[in-house]
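My entries follow, in the order in which I made them.

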Amino acid sequence: MDVASDRRKPQVEEYMTRDVATVSPDTTVGSVATRIAESDEHSGFPVCERRRVEGFVSARDLLLAGDDEPIFKVMTTDLLVAHPEMKVTDAARVILRSGIQKLPVVDDAGNLVGIISNADVIRSQIERATPEKVGKLKRTLEQIHEIELSEERRTVPLAALTPTQGRVYADELEGRRYELERGLAEPLVVIDNDGTLLLADGHHRVLAADRLGIDEMDAYVIVVDREIDLGMARTAAKEGLERIGDIDVVDYARHPLVQTTKRLQSEE
């Protein structure tokens, strides 16, 4: 991994959505209201003349307007926008301080090139944390086994993964499902031990994905060219873990944190 690029702050263009739904200034309030009502994703739209951003219209802007009024009469023209080369952290500050959920992204000519949301900002922070975790695991394996390993980013089929953790907790499973449905889940961490794909991190995510009918996921993969004897592989074999379906889902009440809290309460 390139240390310099890892330290570089991620930019808006790396996380923004490029395929943006827009409306024209002449569109009627009624038609935009219908689009918002029928959508699970949109609570407003950038207003564009060709690709140039003229304003933004939200559901709130439509409340007191007549159905036949054109959008340009009710849209917000005092816009906050982001630039593709803007740091994601700076876009996050604008989103947080303004209370808006999405920022149109415009180029130097004022043309719309994307949109970045608070969900995109969260995803950027989640993914930044993962390479550090992968790097630490890779260095540990190299030191223990006195070998040099490589690392790559690729999509892995869930059916090919061997779990190394025998249980997950129901409450965390629901949390990971929520993240997956909103595109917020961080990549998995997998060890490719000469063709055997060992799941090192992401058991809740994998099980949630399986329940959602997802067949493959993005992963950071530590590649071992020549098979080595890994402790986590021995643990998996000992517990009879061969596939995702072998992972047990434990009720929330049995989560160690909950049990500890109950014990502390009883001691008061």
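**Arg 154 and its partner**

I began with Arg 154, which is partly exposed at 24% relative accessibility; buried means under 20% relative accessible area, exposed over 50%, and partly exposed in between, with a 1.4 Å probe and protein chains only. Arg 154 makes a salt bridge with Glu 152, and the closest N and O atoms are 2.2 Å apart. I counted a salt bridge where a side-chain nitrogen of Lys or Arg lies within 4 Å of a carboxyl oxygen of Asp or Glu. Glu 152 is also partly exposed, at 35% relative accessibility.

**Ground rules**

I noted that this is a predicted model, in which local features need pLDDT of at least 70 and side-chain atom pairs count only at pLDDT 80 or more, while totals for chains, interfaces and linings use all residues. Residues are numbered from 1 along each chain as its sequence is written, and side-chain values use heavy atoms, with hydrogens and water left out.

**Whole chain**

I listed ten helices and eleven strands; these are DSSP runs numbered from the N terminus, with helices (H or I) of at least four residues and strands (E) of at least two. The radius of gyration of the chain is 24 Å, whereas a compact globule of 268 residues would have one near 18 Å. That radius is taken over C-alpha atoms, and the globule rule is 2.2 Å times the number of residues to the power 0.38. Along the principal axes, the C-alpha atoms fill a box of roughly 70 × 50 × 40 Å.

Buried residues are 39% of the 268. Of the contacts with a separation of 6 or more, 71% are between residues 24 or more positions apart; a contact means heavy atoms within 4.5 Å.

**Other charge pairs**

I counted 35 positive and 51 negative side chains, with the centres of the two sets 4 Å apart. Lys and Arg count as positive and Asp and Glu as negative, while His and the chain ends are not counted. Each charge is placed at NZ of Lys, CZ of Arg, CG of Asp or CD of Glu.

The search of the whole structure gave 13 salt bridges. One of them joins Arg 123 to Asp 120, at 3.8 Å from N to O. Both residues are in helix H6 (residues 118-145), three residues apart, or about one turn of the helix. An α-helix has 3.6 residues a turn, so residues three or four places apart point the same way. I also noted that Asp 120 is buried, with a relative accessible area of 9%.

Arg 243 and Glu 242 form another salt bridge, at 3.6 Å from N to O. Arg 243 is partly exposed at 47% relative accessibility, and Glu 242 is exposed at 55%. Salt bridges with shared partners also link Lys 133, Glu 186, Asp 201 and Arg 205 into one network.

**Where does Glu 242 sit, and what does Glu 242 touch?**

I placed Glu 242 in the loop between helix H9 (231-238) and strand S11 (248-250). Leaving out residues up to four places away in sequence, Glu 242 touches Leu 161, Thr 162 and Pro 163. From Glu 242 to Leu 198 is 44 residues in sequence and 9.8 Å in space, C-alpha to C-alpha.

I found helix H8 (residues 203-211) largely enclosed by the rest of the structure, because seven of its nine residues are buried. Among the buried residues are His 203, Arg 205 and Leu 207. Gly 213 follows H8 and has a positive phi, near 80°.

Leu 173 lies in helix H7 (residues 170-181) and is buried at 3% relative accessibility. Apart from neighbours within four places in sequence, Leu 173 contacts His 204, Leu 207, Ala 208, Arg 211 and Val 249. I also checked Leu 79, which is 94 residues from Leu 173 along the chain, with 39 Å between their C-alpha atoms.

Most residues other than glycine have a negative phi. I noted Arg 50, with a positive phi near 60°. Arg 50 is in the loop between strand S1 (44-49) and strand S2 (52-58) and is exposed at 76% relative accessibility.

Glu 146 also has a positive phi, near 55°. I located Glu 146 in the loop between H6 and strand S5 (150-157), where Glu 146 is exposed with a relative accessible area of 72%.
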